Structures are given as structure tokens and as C-alpha cells.
Amino acid sequence: MAEPKTLGQMLEARGISRRAFLKYTSYLASSMALTPLAAKAMAENLASARRQSVIWLSFQECTGCTESFTRSFAPTLEELIFDFISLDYHHTLQAASGEAAEEARHIAMRENKGKYVVVVDGSIPTKLDGAYSTIAGISNLQMLEETVKDAAAVIAVGTCAAFGGIPAAAPNPTGAVGVDQLVTDKAIINIPGCPPIPEAMTGTISYILSFGKLPKLDHLKRPIAYFGNNIHDRCYRRPFYERGLFAKSFDDEGARKGWCLYEVGCKGPTTYNACATLKWNGGVSFPIQSGHGCLGCSEPNFWDKGGFYNPLPAPIRDVGKVAAGAAAAGAAAGLISAAAGHARKKNAMKEGKS
Amino acid sequence: MTDLLDFARGPALQFSLAVFVFGVVWRLVSLLFMPRLKDKSAIRSGAKPTMIAAVAEFFRRMLPKPEFAKRTRFTTINGWVFHLGLAIIVLTFAPHVLFIKSLTGLTWPALPNIVIFAVGGVTVVSLILALAHRLSSPVLKLISTMDDYVTWVVTITPVLTGLAAASHVGLRYETLLAIHILSICVFFVWFPFGKLMHGFLVFLTRGEMGAQLNRRGIKL
Amino acid sequence: MNLIDNTPIALTGINDSLLSEIAERLSEFAQTGQSASIDLRSLPMSDADRQDLETRLGHGEVEVKLDVAGLSEIWETSFAGVWWVRHFGGDNHITAEEINIISVPDILHAHQNDARAAASRLSKIIKEERHHG
């Protein structure tokens, strides 16, 4: 077998220049808020890296994450990621099926033992020993354990794989959990979002390829480069927030003028993601620009936080009923206190008379 | 899996508001239905109707008597400053307006954040001056109880944590916001049982005082 | 009919601070040769801001078009040493946009490896032509 080529040699053979590497890495460096110096170093490193074997496991998911990932599959700059990685197993994208598909996974695991990266999208059901979701006769739980065993790192893409996601929404019938609740002895990167921004996925993978290490992560194991800022701080509508100009509904004057969506439930202030800067579909727009508040989809439990249209300062539990109960109890307690006072007074007067 | 902010916005707010409502209603009802000694003295001639006397007394006490104006100038002005400051912050900061709307359904326009920041700064200084005055005046210090100090702490904490949250200093925003909401929860819980209750009782005490003085023909 | 798209988003005022940043970096570059770069995509700029910045910086003597994994446009602004670098991805959307403060942006330099590949390709062509000729 010939010595495996570096990515630089591989692409050179196809007439792709180092300028393309530099352009690609300045695009990534920009998305990761790295300095242009880093882009240059990244380009050099990437060119001398080997193609990365990636095994993509899809569990309780909707394929939205794959849709998002392949949205970077435009026939130019963004497709380069598919030259950098060897996607050895992916239900939706691979040609093989059935036994052959599983065989591909096993071969990749054998040949790249200790070096391959596992990407997981979808949550893993744990109730009934994982019987809620099975592939090729084994539960997701088993497939995860088996595949992750010899992996170099695990990337959980999407909120389901990272935090349990929609399947874990109350009352979580399948006992769905995210990867890091099951895998404790491997490097894990969470790239949440519903779906995640494609650059956050490709950028993170390219970072690992070019620097040979994981990017800096926050307390939820998210790359700080993409999840270091909250939406609110980077939102172009922020000046309206500061001036106190808010849309009160989705069709009022404020909404038409593009004012802040805080009052109609925007979760931007507590959501960490790159939507406000990288935007979607190649920088075209993002939810807030399209007139809808942020749902907070890259945060754990975003579906169970009191409703998408409830503003942040509103309590997330029903306070009205409890307050009414408390008022009734307070009134009763007050009347009892007063009655006790009256009784004392009566007694005192009786004693005074006798 | 729930975080601090979820806890603050959920169970903590629910619990503290319940305690607040219970406590306030309990104290007011027991006070209003308390047995009272009948004032058997005759109403002095020329006395105003009781209700008018009560309301008049409430307003009269908003400013000191001219004789005392100079001596009480600091407490009067400083008291007005932080009370108005707190009112402006609580009632006109956009997120607070939303909070009140979510509880009561009532809403009104908010002021720009920059105004709230300025008022917040002034209020903090004013509250600190109030404490300094309490500690430096021998008489005031002597009559102050733990209640006064706890009340001061639970009042200034939400202002400080609110300013920190709104300007994103120190910790992450969601943590600051959670701490701010929790500090308000503490305020709510303390309110009915400490001196903060004057927010309701001031109407009763001043009114009652006005009614009594009026009955006895005291000219004010 | 998209109401939101037609909504003009006003200038946010970010350009005033951006321009002083550029001025500072440029005088540093003039004195010490220290190059710098400002990533425009990571800043909360509106489209109007971008337009405004482009107008204020102007176009200078050099304008380059690159065809590298999609188009790229690079021009020197009317201030020597201040370059505007704009990379396009698929569907001609902007994937990266930077202000470079440098004598020539890195991407314009031919890489040693590319030169090597080009050299061998060229000599191969010459050889073949001789062979056929």
C-alpha cells in the first residue's frame, strides 16, 4: 500500500492550490474568531494533515443536523471539508446499506483504531435497555458503546446528542440522554443547536485536523469559538433593546421596524451560539433577522423553559394559582389571628369583671 | 437537568411570591380585624370627616414640618431619592415591566436602559448614604434592630445584582440574571415579616394616626 | 413581499470605532511593520454599516479578482496598506470578509508548494511539446 498522502498532496493532484487552503482557513478562522495569523498556520497544518476517518452515528434524530452539515456542500469553498474527512459510515449519505454498511463501520474501526472520530447525532434512549431505537439488530446504546471504545474523540452534533434534545423533553418517555451522560472516558465535544450551524461542525472538525487537539470548550463542552458569545450581545437589534424599543407582537409597528424581540420571547440573552454573527445559509439571515425571537436551541432543556413566546423575565411556573391559594391561606390565617385576638380580649374583660 | 436560572425563574419565584402574598394578606387581614378599643371620647367640634383626615395625614407626612426642615433635610431628601429611584427602576425598566405584566396583565411603557442605569447608580449611592447615616447617628444607631440591617441588605442586593446583570459584569449573563432573580425572591420572602411591610402599612399607620388626631381636635 | 427584508436597518455607529481602530493599526504598521487584520464578519454590523465602511475607506490603486474555490475580491482601499479582502463561497455569498493591514495580503503570494507543482507541470508540458514537435 502506498504511503497515505497528506491533504495538501491529495488536493494538489486535483489542481487545488494552497490558496484554497488559506481561503478555507481564513473562512474558518473568521468563524472561530481566530486571528488571521492562525489562519495561515491552520492552512499549513491542514495541508500536511492526513485524511480523517469519521464514523457518523445517527440515533433518535430527525436528520436535520445532517441536512445542516451538508448545506455546506456547495460546489466550492465549503465542500472542501468532504475532502478533508473520510466519512466512512453515515446512514443517509453512504451508498452501502444493510450488512455492507455495518461492515464499512467495522472496517473503519479496525483500520483506524484509536484514531477515528465518532460523530453522533440524535439522543440515546436508555429505558428498556435502549429498546426504543435499534439499528442492524442492536440498540443505539450498544452501537455507541461498541463504536466509541476505540475512538480518538466524540463529537455530539445537535442538541439531541449533546443534551438529550426534543426526545428528552418532559416527560421523556424513552429515557433519552445525550452522549456525555453515557460516555465518560473519551474526549467529547458538544456542538448543539437545532440544527447546529454548519460552520460550527466543519470548523471544529477542521480545527482538530489542523491542530491535532480539541478546541477550547466551555462548561457545557461547547467550542468557545462558536458558543462563547450570547446572541443578545452580538445581535444587530441590540441598540433597540438599549433604547427600550420593542416589538409587542409579530405584526405591530415595532416588528415592521425591526425592533428588539425581547418582549415576544426572544431567548437571545441566555443563548450561546454564533447565529448572530455567522448567520445561516452562508450568512443570508438568522431567526432574529427573519423576525422571530431566538428559541435558545443550543441550550440544554430549551423546550422546557416556559414557552418560546414567554419573555425571559416571566416566571416559568404558574404563579397565579399559587398566589391565589396563598392569598386565601393568608386571609384565613389573618382571620384566625384576629379571632384569637378577640377571644383574648373577651377573656381579659371577663377576668377583669370577676 | 436544570440550571440555576431555571430554578430561579421556576420554583424559587413561585415559592417566594406565594410567601409574599400569604404574609402580606395575613398581616393585613389580622391587623384590620384585630379587636380594638373603642374610643369613647366625643368627636371634637370642627373635626373633618375621618376619611379625609386620614388621607390628608398620609400626604402631610411626605414633607417635614418647616421647623424641622433643616435638621431633617438629609433624611428627607435621601429618603425621597432612593424611594423614587427604586420606584423608577422597579416600574419602568423594560424587563421589570414584562415581569409585572406576566403576573398582573397590566402594562405600560418602559424607559431606555441608560436612564435606568443612571437612576440605579444614584439609588445605590443613596442607599449607602442611608446606611452610613444610620450608623453614624447615635440615636438612630441605638434604636436600629437587626430588622433594619436585614431590610437594607435585601433592598440593596437586588439593585446591585440587577445592575451587574444588565451590564454583564463579572459572571455570565444567565448566572447574573439567576442571582438577581434569587435576590428578589429573598426580598419577597422577607417583605411581609420585616420593615419592608411599611410599603403597605404606611397607608394604615398614617391614616389611623390622622383619624385619631382629627378626632381629638389636634390642629396640624 | 417580504416586509422584513425591506426594512432599512440603520447605521449602528460601529464604523466610527472601527475606523479609529484601523487608523491605529495602520500607523503601527507604518512605524513597525506589524501587520494586522480585522474580521468584519464577527462584528455585529448591519448591511448599511458595511456599505458605509466601504464608502468611507474607498477604493485605491489595486484591485484583484481571485478564482480560488469560488471567487474572491481584494482591493486596496484609498489608504495604502489597508486592504479589503472579500471571499465568496457557494451561491456567491460572502464567506469571509476582512480588513488586512499589510503590504500585500498573504493569499496573493504564490505558495512554495504550488510553485513546485507548477514548475514540474510546466517542464512536463515543454517535454511533451518537444516530444510531439
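How many bridges join strand β1 of chain A to strand β3 of chain A, and in which direction do the two strands run?

Reply: The model is a predicted one. In chain A, strand β1 covers residues 52-58 and strand β3 covers residues 117-121; five bridges join them, and the two strands run parallel. One residue of this pairing can be named on each side: Trp56(A) has Val119(A) as its bridge partner in β3(A). In general, the strands of a sheet pair through backbone hydrogen bonds, in either a parallel or an antiparallel manner.

The pair belongs to a wider arrangement. β1 and β3 of chain A are members of an open sheet of five strands, in the order β2-β1-β3-β7-β9, and the pairing in this sheet is parallel. At its edges are β2 (85-89) and β9 (187-191) of chain A, each of which pairs on one side only. On average, and with direction ignored, neighbouring strands of the sheet are turned by 25 degrees against each other.

Helices accompany these strands. Helix α6 of chain A, made of residues 98-111, lies across β1 and β2 of chain A and runs at about 130 degrees to β2(A). Helix α7 of chain A, residues 140-148, also packs on the sheet, where it touches β1, β3 and β7 (153-157) of chain A. The direction of α7 of chain A makes about 170 degrees with that of β1(A).

Chain A is divided into domain 1, with bounds 7-227, and domain 2, with bounds 231-304. The C-alpha centres of these two domains of chain A are 28 Å apart. Where the domains meet, 16 residues of domain 1 of chain A are in contact with 13 residues of domain 2 of chain A. On the domain 1 side, the elements of chain A that give two or more residues are α8 (158-163), α9 (198-211) and α10 (224-227). The residues of that side of domain 1 of chain A comprise 10 nonpolar, three polar and three charged.

Notes. Residues numbered from 1 in each chain as written. Chains lettered and ligands numbered in written order. Predicted model: local features only at pLDDT ≥ 70, side-chain atom pairs only at ≥ 80, totals over all residues. Domains from an automatic or database assignment. Contact = placed C-beta atoms within 7 Å. Helix = DSSP H or I, 4+ residues; strand = E, 2+ residues; numbered from the N terminus. Nonpolar A, V, L, I, M, F, W, Y, C, P; charged D, E, K, R; others polar. Pairing = 2+ DSSP bridges. Axes fitted to C-alpha atoms, helices over the stretch in contact; angles between N-to-C directions.
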